[in-house]
Amino acid sequence: MPHRSMTKTELREFKTMLLERTRLLKGDLAGLEEETRGSGTEAAGRESSAPGHTAELASDESERDLSYGRMASQTEELKEIADAFDRIKDGSFGKCEKCEGSIPKERLRAIAYARLCVKCQTKVEQE
């Protein structure tokens with residue numbers, strides 16, 4: 001399916017979605033950063049005062065690892081969103097980077113920063 005340009009109304013809709021997602025991610029990231037800073041200090045304090053609680057320390061470390069993983073994932077998503085804004089500016093937003101066809105609006109409403117149409121995304125995931 002050949003790529004067709006989006007209307008200004010459609011682009012405005014996707015910009016709003018991307019801005020809202022950015023706001024949510026940045027808020028969540030700030031909370032995760034605070035949480036990991038706080039738990040690191042608490043764990044260090046507990047370690048020195050209660051060395052017998054290694055299971056609790058391991059649990060804290062596991063939670064911290066999960067938080068770091070979420071932070072990395074959300075940082076990557078913010079990068080994808082920034083790239084989507086670049087595609088909006090250069091007119092390539094909504095165009096599949098592999099086949100150059102149009103990415104369905106339904107897909108963009110689900111993942112506004114999608115770079116590939118469903119068919120090409122499926123191929124990439126199967127490789």
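Is Lys 119 buried or exposed? Lys 119 is exposed, with a relative accessible area of 60%, where exposed means over 50% relative accessible area, buried means under 20% and partly exposed lies in between (1.4 Å probe, protein chains only). The structure is a predicted model, in which local features need pLDDT of at least 70 and side-chain atom pairs count only at pLDDT 80 or more, whereas totals for chains, interfaces and linings use all residues. Residues are numbered from 1 along each chain as its sequence is written, and side-chain values use heavy atoms, with hydrogens and water left out.

**Confidence and overall make-up**

- The mean pLDDT of the protein chain is 85, and 83% of its residues reach 70 or more, pLDDT being the predictor's confidence in each residue, from 0 to 100.
- Over residues 40-49 the pLDDT falls below 50, although this stretch has eight contacts in the model beyond near neighbours in sequence; a contact means heavy atoms within 4.5 Å.
- The protein chain has four helices and zero strands, and read along the sequence it follows the pattern α-α-α-α; helices (H or I, at least four residues) and strands (E, at least two) are DSSP runs, numbered from the N terminus.
- Of the 127 residues in the protein chain, 31% are buried.
- The accessible surface of the protein chain comes to about 8,300 Å², of which 54% belongs to carbon and sulfur atoms, with areas taken from the Shrake-Rupley method with a 1.4 Å probe and, for residues, only the protein chains shown counting as cover.
- Among contacts in the protein chain between residues at least 6 apart in sequence, 65% join residues at least 24 apart.

**The nonpolar core**

- The largest nonpolar core has 20 residues, and those with the most contacts inside it are Met 6, Phe 14, Leu 18, Phe 93, Cys 96, Leu 108 and Cys 120; the elements that give two or more residues to this core are α1 (8-49) and α2 (54-90).
- Such a core is a set of buried Ala, Val, Leu, Ile, Met, Phe, Trp, Tyr and Cys residues joined through side-chain atoms within 4.5 Å.
- Leaving aside neighbours within four places in sequence, Met 6 is in contact with Leu 11, Phe 14, Phe 93, Gly 94, Lys 105 and Leu 108.
- Cys 96 lies in the loop between α2 and α3 and, at 1% relative accessibility, counts as buried.
- With neighbours within four places in sequence again left aside, the contacts of Cys 96 are Gly 101, Ile 103, Arg 115, Leu 116, Cys 117 and Cys 120.

**Salt bridges**

- Side chains of opposite charge can pair when their charged atoms come close.
- A search of the whole structure finds eleven salt bridges, each being a side-chain nitrogen of Lys or Arg within 4 Å of a carboxyl oxygen of Asp or Glu.
- One of these joins the side chains of Glu 10 and Lys 105 (4.0 Å, N to O); because Glu 10 lies in helix α1 and Lys 105 in helix α3 (residues 105-110), the pair ties together parts that are 95 residues apart in sequence.
- Both Glu 10 and Lys 105 are buried.
- The side chains of Glu 20 and Arg 23 also meet in a salt bridge, at 2.6 Å from N to O, and both residues lie in helix α1, three residues apart, which is about one turn of the helix.
- Glu 20, at 35% relative accessibility, counts as partly exposed.
- Glu 97 forms a salt bridge with Arg 87, with the closest N and O atoms 4.0 Å apart, and this pair links Glu 97 in the loop between α2 and α3 to Arg 87 in helix α2, ten residues apart.
- Within that pair, Glu 97 counts as partly exposed at 44% relative accessibility, whereas Arg 87 counts as buried at 6%.
- Lys 79, Glu 80, Asp 83, Arg 87, Glu 97 and Arg 115 are linked in a network of salt bridges.

**Gln 74 in helix α2**

- Gln 74 is found in helix α2 and is buried, with a relative accessible area of 11%.
- Not counting residues up to four places away in sequence, Gln 74 touches Leu 25, Asp 28, Leu 29 and Leu 32.
- A polar contact of 2.4 Å joins the side chains of Gln 74 and Asp 28; the term covers a pair of N or O atoms within 3.5 Å, and within protein one must be able to donate a hydrogen and the other to accept it, while residues adjacent in sequence count only if both atoms are side-chain atoms.

- Lys 119 lies in helix α4 (residues 118-126), and the C-alpha atoms of Lys 119 and Cys 99, 20 residues apart along the chain, are separated by 9.3 Å.
- Cys 96 and Gln 121 are 25 residues apart in sequence and 9.3 Å apart in space, C-alpha to C-alpha.
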